[in-house]
Amino acid sequence: MFFMNLTILSIIFSPITWVAFIWGACIGSFLNVCILRIPEKTFWKSARSACPSCGAGIPFYLNIPILSWFFLRGKTACCQQKLSLMYPVVELLTAVLFVMIYWKYPFFVQKSALWEVDYPNLLRALHGIIFVSILVICSFIDFKLMIIPDVISLPMIALTPLIAWLHPDLDMLTALVGAVAGGGILYAIAWAYWLIRKEVGMGMGDVKLLAGIGGWLGYQSIIPTVFYGSILGAGLGIAFMAVKRTLTLKSAIPFGPFLAIGAIIHLMMGSYLQELLLYLPGSGIDH
Ligand SMILES: [Zn+2]
């Protein structure tokens, strides 16, 4: 896989890995604020952290990413209300994603005795962390409220030309075709579903999210993203129906989180998986 050519232990114990982890956990803490406040439209209200139940200020020592939730045993210190498991999950997830992005695009490289910055990898890593941060926000809002706010998806699409201009591996045409094709494919599916069933099967939020993903990763990412996302979504949906027998095929499952997981899988190990899936022994004519 992408980090197999490097000595795994030396990477795991590298201080930069831990810097990436801690930094990811802190950004994850900020993403929690976004997930909570963007749908409520209270994002700009107050810069200070406040208790979601009673509004009391949270002292800094109870605001440590991941750890605080466990210290407090999932309850707020001020009013003993339940503190959502979402907080440490988002922080841990973001931390792990940031570490994976650093492993994939190490931008500090040691040349003899000197450390140098690999600028193309620095750009790839910055693109990666902003991309996964947007997807984490969209996924958790969609999971909780079944919506993907336009204030996130539309700017994401609008930034496509800038991303194509800055990213070392993405050209303008690939990105723009990606945005149009990503939105277009899901829009066509949603429209076909409406023609057949006369009901809304897929939200426009998913359409805009895949347009953003296609723009940020290029058109080549669209089919793998939908493929991985659908397999995971269908698998989880079937498992869910098996456990809770009341659910039917028409039960609403947000598709946004699965598109996000599909896109992240493609970004992290797309080339490895495509090689694995397309060149399975015995499946190709040249084997
Ligand atoms: Zn409180």
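Helices (H or I, at least four residues) and strands (E, at least two) are DSSP runs, numbered from the N terminus. You're looking at a predicted model, where local features need pLDDT of at least 70, side-chain atom pairs count only at pLDDT 80 or more, and totals for chains, interfaces and linings use all residues. Residues are numbered from 1 along each chain as its sequence is written.

**Exercise 1.** Work out how many helices and strands the chain has, and in what pattern they follow along the sequence.

*Solution.* 
- Step 1: count the elements. There are eleven helices and two strands.
- Step 2: read along the sequence. You get α-α-α-α-β-β-α-α-α-α-α-α-α.

**Exercise 2.** Decide how α5 and α6 are oriented to each other, and what kinds of residues make their contact.

*Solution.* 
- Step 1: get the geometry. Axes are lines fitted to C-alpha atoms, for helices over the stretch in contact, and angles run from 0 to 180 degrees between N-to-C directions. Helix α5 (residues 119-145) packs on helix α6 (residues 150-158) at about 150°, and the axes are 10 Å apart.
- Step 2: classify the angle. Under 35 degrees counts as roughly parallel, over 145 as roughly antiparallel, 65 to 115 as roughly perpendicular and the rest as oblique. So α5 and α6 are roughly antiparallel to each other.
- Step 3: find who meets whom. Residues are in contact if their C-beta atoms, placed from the backbone, lie within 7 Å. From α5 come Ile134, Ile137 and Cys138, and they meet Ile152, Ser153 and Met156 of α6.
- Step 4: sort by class. Ala, Val, Leu, Ile, Met, Phe, Trp, Tyr, Cys and Pro count as nonpolar, Asp, Glu, Lys and Arg as charged, and the others, Gly among them, as polar. The contact of α5 with α6 has five nonpolar, one polar and no charged residues.

**Exercise 3.** Locate Phe43, then say whether Phe43 is buried, partly exposed or exposed.

*Solution.* 
- Step 1: Phe43 sits in the loop between α2 (15-40) and α3 (67-71).
- Step 2: recall the cut-offs. With other C-beta atoms (placed from the backbone) counted within 10 Å of its own, a residue is buried at 20 or more, exposed at 12 or fewer, and partly exposed in between.
- Step 3: apply them. Phe43 has 13 C-beta neighbours inside 10 Å, so Phe43 counts as partly exposed.
- Step 4: check its contacts. Leaving aside neighbours within four places in sequence, Phe43 touches Arg37 and Ile38.
- Step 5: compare with the whole chain. Of its 287 residues, 31% count as buried.

Technical notes:
Contact = placed C-beta atoms within 7 Å.
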